[in-house]
Each structure stands twice: as structure tokens, then as C-alpha cells.
Amino acid sequence: MKCTDLVSGLFWLIMGLLLSFWSLTYHIGSFIQPGPGFLPLGLGLLLIFLSCILLLAHDKKASSVGQKELSSLFSGWRRLAYTVLVLLVTIFLFEQIGYLFTVFLLVFFSMLVTGPRSWRTPLIVALLSALGIYVVFVLLLKQELPRGPLGI
Amino acid sequence: MDILHHLVQGFSVAVTLNNLLFCFLGVLIGTLIGVLPGIGPVATISILLPVTFGMDAVSSIIMLAGVYYGAQYGGSTTSILVNIPGEASSIITCLDGYQMARQGRAGPALGISAFGSFIGGTASVIGLMILAPLLARAALKFGPPEYFGLMLFGLMMVTYLCMGSVTKGLIMAVAGIALSTIGQDQISGMTRFTLGSVTLMDGVGIVPVAMGVFGIGEILTNIEEGIKQEVFKTNIKQLFPTLKDWIDCKWPIARGTIIGFLVGILPGEGRSFPHLSPIPWKNVYPDIQKSSVPA
């Protein structure tokens with residue numbers, strides 16, 4: 001058992017609590033006439049139960065390597081956070097500036113993270129992918145992609 | 001002998017040079033589009049539907065069938081090479097196919113998955129033609145209790161499937177069902193956990209979940225460890241599986257064909273469950289089971 005089990009156990013415990021309390025806001029009903037909150041409440045309780053098992057099993061075999069495991073969990077967090085941020089921004093940009101610009105920016109910025117490369121390769125790849133999507137889907141297949149203020 | 005007669009007639013139409021060309025074109029384009037993750041056979045067909053407008057009916061049906069097959073296969077290509085399933089039915093191909101690709105055997109993995117799905121698909125079509133009227137009657141007797149049993153069986157397989165911790169496997173199963181409760185309640189029709197979003201009222205589809213779990217997960221793992229690009233290091237050579245591969249895969253393919261056919265014939269079963277059901281019977285190593293789903 002590693003320390004990562006502690007983290008994931010805690011995560012699912014919180015999720016289970018969240019699910020249970022949230023489903024309490026709906027009508028629960030009974031076994032014979034289950035309301036909309038019945039299944040989620042059961043699942044939430046099951047999740048709490050299972051994550052408790054995970055946490056308890058971890059407790060028994062708590063080891064000295066645990067701390068090292070925890071630090072390894074966050075080793076690449078800077079790049080990870082950057083990528084997640086890029087993906088999140090992408091979702092909001094889609095409808096604002098259009099599909100093609102978004103793809104260009106997404107590929108460019110997500111390739112910048114991959115390593116100590118110059119900005120030239122990402123720029124070319126991003127341009128090519130946006131152009132390729134435009135040719136295949138807009139020119140050849142005549143699909144409607146979300147358009148930005150410039151009309152493309 | 002009615003069936004044989006119809007078969008001969010069908011083949012005489014299909015095996016003209018013209019129609020074979022359209023079939024080839026359809027498979028080619030379907031594979032190219034189907035390789036894009038998240039675009040499955042249905043989406044590919046709807047994208048490529050305008051292409052067939054100028055043709056006569058038979059050729060366009062043949063071409064669309066080719067597109068369907070190509071898109072289906074395109075999904076397994078990304079599953080094997082980059083561990084991103086193109087659509088729901090190729091999730092299983094990720095499990096073994098990607099491991100084979102990592103061992104430098106991407107070629108045989110791609111080959112055997114194509115052959116396996118060809119054998120399964122062809123056998124299922126033949127079986128369907130002969131047994132369809134009989135099986136349809138049996139399949140209609142499949143009522144809610146039987147579906148309940150099947151679903152229970154599917155969930156029980158989770159404990160069998162997950163290597164390592166059973167607790168974690170169960171947590172994942174519960175989390176998956178919890179995700180499926182988003183949207184409209186099937187009994188009362190009330191919306192749950194939608195936060196007022198219209199999109200979420202429809203529920204969370206299997207393609208976004210599969211993309212998130214396999215695709216985004218794989219990307220984030222790679223980024224965490226620093227990109228190694230191990231995918232492109234391996235040369236894809238020797239597409240044809242060796243004799244040993246064939247012997248290894250003989251039974252998995254047969255099992256996948258039979259089980260996939262039987263489960264796939266049930267109405268309303270969905271298209272992803274049949275691909276999961278042969279797993280409990282599978283051997284340890286390189287079987288990429290592709291079962292075709294006629295339903």
C-alpha cells in the first residue's frame with residue numbers, strides 16, 4: 001500500500017459525502033417506489049463505505065516509503081496544471097474566437113510544455129493542424145465548425 | 001435454399017468492380033476519419049453522408065457500409081498506438097493492444113485486430129442471416145429480469161477484471177454508476193445534478209468518459225513524466241501476425257465471435273457491452289478480441 005491510496009481514499013470519501021448530501025436534496029422515496037435521489041444516495045453511501053475500507057487497509061500497512069510516494073505524486077504538477085489550464089481555457093474560447101483559432105492556440109501552447117524546444121516547431125505544427133482541419137472539414141466535407149468574429 | 005439464392009444474388013451485385021471500388025473508397029475514408037479520437041462510426045457516417053449523394057442507391061449503401069467498417073477499425077488504430085479509444089467499442093482494444101505496441105509489436109496488434117474483427121463480423125453476418133428469424137423470437141423474450149441479470153453480470157465482471165485491488169475496482173464501478181445518474185432520472189423523469197445546464201440533462205455519454213479516462217489520462221501521465229514519445233519510436237512493421245499469434249488467438253477470436261454474436265443480437269443492449277462480455281473467458285496474453293455486433 002502506498003501513500004497514494006490515502007489520497008485517493010480521501011478523495012473518494014469526499015466525493016461520496018458530496019454525492020450523498022447532494023442526493024438528499026432530491027426526493028428519496030422507498031425501496032418499492034424509489035425517487036430520483038434513491039440511487040445516488042445508495043451509491044454515495046457505498047462510495048463512503050468503500051473509501052473507508054481503502055483508508056483502513058492503508059492504515060494497517062502504513063510504510064516509511066509513504067512520504068516519498070506522496071512527493072512523487074506531485075512531481076510534474078507544474079506541467080500538469082499548465083496543461084489542465086490550457087484545456088480549460090480552450091473550452092471557453094471555442095465559442096468566443098472560433099474553432100480554428102482555438103485549435104491553433106491549443107496545439108501551440110500545449111506543445112510548448114512538452115520540453116525545451118524552440119517556439120518554432122510548435123508554431124509550424126499548430127498552423128498545419130489548423131490548416132489541415134480547415135481543408136478537410138470545412139472545404140472538403142463542408143462541416144459547420146463554430147465560427148469566431150472573423151467568420152472562420 | 002432460399003438463403004443461398006438470395007446470397008448469390010447479393011454477391012452478384014456486390015462483387016462488381018464498380019461497387020468494390022466504392023467499398024474500398026468507403027473503407028479508406030472511413031478509416032482516415034475514424035482514426036480521429038471521439039469520432040465513431042455513426043459520426044463518421046453522418047459526416048460522409050453528403051459524399052454519397054451523387055451515386056445510385058446500391059453503391060452508396062455499399063460505400064457507407066465500408067465507411068462504417070473503416071471507422072470501426074480506425075478506432076482500434078488509435079487504441080493500439082496511443083491508448084486513446086476512438087469510440088466505445090474499441091476501449092477493450094486499448095487494454096491488450098497498447099501493451100503489445102509498447103513491446104514493439106504494434107504491427108501484429110493492428111493486424112490481428114483487423115483479422116479478428118473481420119472473422120467475427122463475417123461469421124456474425126452469416127449467423128444472423130441463417131438464425132435471425134429464430135433468434136429474434138428468443139431475443140424478444142428477453143425481459144427486464146434478464147436484462148437485470150445481464151447488467152449484474154457486467155458489474156460483477158468488474159471485480160474479476162480489475163487486477164490488483166478489488167476495493168479500487170469497486171470504487172471505480174460505483175463512481176461510474178454515479179456519473180450515469182447525472183441527467184434525467186429514468187423512473188421519475190426528474191433532472192439530477194445538472195446545475196441548471198441543458199447539456200447535462202442528457203446525461204454524460206460514454207465517449208466523453210472514455211476520452212477523459214483513457215485519452216486525457218494518458219496525455220496527463222505522459223506530461224507528468226516528461227514526454228517520451230514512445231509511440232513513434234516503434235516501427236510498425238510486419239502487419240501480418242505470425243503463426244504463433246494465430247494459434248494464440250484462435251480460441252479468443254472464436255469465443256469473441258460467438259459471445260459477441262449472441263449478446264449483440266439482444267435488442268437495446270447497446271454497443272459497448274458485447275465488447276466487454278468475452279473478457280472473463282480470455283487468456284492472459286495477446287488476444288485482442290473483437291466481436292462484431294449485429295444488433
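**Exercise 1. In the largest nonpolar core, find the residues that touch the most other members.**

Solution. Start with the term: a nonpolar core is a set of buried Ala, Val, Leu, Ile, Met, Phe, Trp, Tyr and Cys residues joined through side-chain atoms within 4.5 Å. Buried means under 20% relative accessible area, exposed over 50%, and partly exposed in between (1.4 Å probe, protein chains only). The core has 13 residues, and the ones touching the most other members are Trp12(A), Leu19(A), Leu43(A), Leu47(A), Ile171(B), Val174(B) and Phe193(B). Next, the elements: two or more residues each come from α1 (3–23) and α2 (38–60) of chain A and from α8 (166–180) of chain B. Helices here are DSSP runs of H or I with at least four residues, strands are E runs of at least two, and both are numbered from the N terminus. As background, nonpolar side chains tend to be buried together in soluble globular proteins.

Before going on: this is a predicted model, where local features need pLDDT of at least 70, side-chain atom pairs count only at pLDDT 80 or more, and totals for chains, interfaces and linings use all residues. Residues are numbered from 1 along each chain as its sequence is written, chains are lettered from A and ligands numbered from 1 in the order written, and side-chain values use heavy atoms, without hydrogens and water.

**Exercise 2. List what Phe193(B) is in contact with, leaving aside neighbours within four places in sequence.**

Solution. Contact means heavy atoms within 4.5 Å. On the chain A side, Phe193(B) meets Leu19(A), Trp22(A), Ser23(A), Tyr26(A) and Pro40(A). From chain B come Thr181(B), Ile182(B) and Leu200(B).

**Exercise 3. Is Thr102(A) buried or exposed?**

Solution. First place it: Thr102(A) sits in helix α5 (residues 99–112) of chain A. Thr102(A) counts as buried because its relative accessibility is 2%. Then look around: beyond four places in sequence, Thr102(A) is in contact with Thr90(A), Leu93(A), Phe94(A) and Ile97(A).

**Exercise 4. Work out where Thr242(B) lies and how far it is from Ile112(B).**

Solution. Thr242(B) is in the loop between α11 (230–233) and α12 (243–264) of chain B. With a relative accessible area of 30%, Thr242(B) is partly exposed. Thr242(B) and Ile112(B) are 130 residues apart in sequence, yet 9.6 Å apart in space, C-alpha to C-alpha.

**Exercise 5. Decide how far to trust each chain, using pLDDT.**

Solution. pLDDT is the predictor's confidence in each residue, from 0 to 100. Chain A has a mean pLDDT of 79, with 82% of its residues at 70 or more. Within chain A, confidence is lowest in helix α3 (residues 66–73), at a mean of 54, and highest in α1(A), at 88. Chain B has a mean of 73, with 78% of its residues reaching 70 or more. Residues 227–232 of chain B are below 50, and this stretch has eight contacts in the model beyond near neighbours in sequence. Residues 279–295 of chain B are also below 50, with 65 such contacts. Where pLDDT is low, the predicted coordinates should not be read in detail. For the complex, the predictor gives an ipTM of 0.72 and a pTM of 0.63.
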